[in-house]
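Hi there,

Here is the structure I promised to pass on. Have a look at it first, and then read my notes below.

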Amino acid sequence: MTKQFMLFLCVLALSACGGGGSDRSDRRVITSAPVSYGPISKACLQSSRKAKSTRLCSCIQAAADRTLSRSDQRRSVAFYENPHLAQEIRQSDRPKDEQFWDDYAAYGREAEKMCG
């Protein structure tokens, strides 16, 4: 798999609120993270993952607010229901899809930095 696709999988995991665990150091990072609400945090909170948390979902949304337009945030929410769609966009040669993927990859890096 390519580096960008691996990054996408990481962001998708974060977006699906798969964090958690009982390591206190993780909680300190997330606790100090910014709080935000929007389409990505809403999808995160509505996911079926047991380990989801309001703090993690809010942090992921804050990263999206820094890097993605509102329309790109709404577009990326579709990855929750159809992860294959992300692969299709990543491989697309359409300039609009390439720009979206570049922005989405930046979002992934920002989410890792802020929330990881």
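Let's start with the cysteines. Cys59 and Cys115 form a disulfide, with their sulfur atoms 2.0 Å apart; a disulfide here is a pair of cysteine sulfur atoms within 2.5 Å. This pair links distant parts of the chain, since Cys59 sits in helix α4 and Cys115 in helix α7, 56 residues apart. The helices are DSSP runs (H or I, at least four residues), numbered from the N terminus. The torsion about the S-S bond of Cys59 and Cys115 is about -100 degrees, so this disulfide is left-handed. Both Cys59 and Cys115 are buried, where buried means under 20% relative accessible area, exposed means over 50%, and partly exposed is in between (1.4 Å probe, protein chains only).

Before going on, two things about how to read all this. This is a predicted model, so local features need pLDDT of at least 70 and side-chain atom pairs count only at pLDDT 80 or more, while totals for chains, interfaces and linings use all residues. Residues are numbered from 1 along each chain as its sequence is written, and side-chain values use heavy atoms, with hydrogens and water left out.

How many disulfides does the structure hold? There are 2, and the other pair to look at is Cys44 with Cys57, whose sulfur atoms are 1.9 Å apart. Cys44 lies in helix α3 (residues 39–46) and Cys57 in helix α4, so the pair ties together parts that are 13 residues apart in sequence. With a torsion of about -65 degrees about the S-S bond, the disulfide of Cys44 and Cys57 is left-handed. Both of these cysteines, Cys44 and Cys57, are buried, and for Cys44 the relative accessibility is 0%.

α3 and α4 pack at an angle of about 155 degrees, with their axes 8 Å apart. (Axes are lines fitted to C-alpha atoms, for helices over the stretch in contact, and angles run from 0 to 180 degrees between N-to-C directions.) That makes α3 roughly antiparallel to α4; angles under 35 degrees count as roughly parallel, over 145 as roughly antiparallel, 65 to 115 as roughly perpendicular and the rest as oblique. The crossing of α3 and α4 is right-handed, a word used when the near helix is turned clockwise from the far one by less than a right angle, with anticlockwise giving left-handed. Where they meet, α3 contributes Pro39, Ile40, Ser41, Cys44 and Leu45, and α4 contributes residues including Thr54, Cys57 and Ser58; contact means heavy atoms within 4.5 Å.

α3 has another neighbour to look at. Its axis and that of helix α5 (residues 70–81) come within 8 Å and cross at roughly 20 degrees, and α3 and α5 are therefore roughly parallel to each other. This crossing of α3 and α5 is right-handed too. On the α3 side, Pro39, Ile40, Ala43 and Cys44 take part, and they meet α5 residues, among them Arg70, Gln73 and Tyr80.

Next, the charged side chains. Side chains of opposite charge can pair when their charged atoms come close. A salt bridge is counted when a side-chain nitrogen of Lys or Arg is within 4 Å of a carboxyl oxygen of Asp or Glu, and by this rule there are 5 salt bridges. One of them joins Arg66 and Glu110, at 3.0 Å from N to O. Arg66 lies in helix α4 (residues 54–67) and Glu110 in helix α7 (residues 95–115), so the pair ties together parts that are 44 residues apart in sequence.

Glu110 and Lys113 are 3 residues apart in helix α7, which means about one helical turn separates them. Lys113 is exposed, at 63% relative accessibility. Put together, Arg66, Glu110 and Lys113 are linked in a network of salt bridges.

Asp97 is buried, with a relative accessible area of 5%.

Happy exploring!

Technical notes:
Helices (H or I, at least four residues) and strands (E, at least two) are DSSP runs, numbered from the N terminus.
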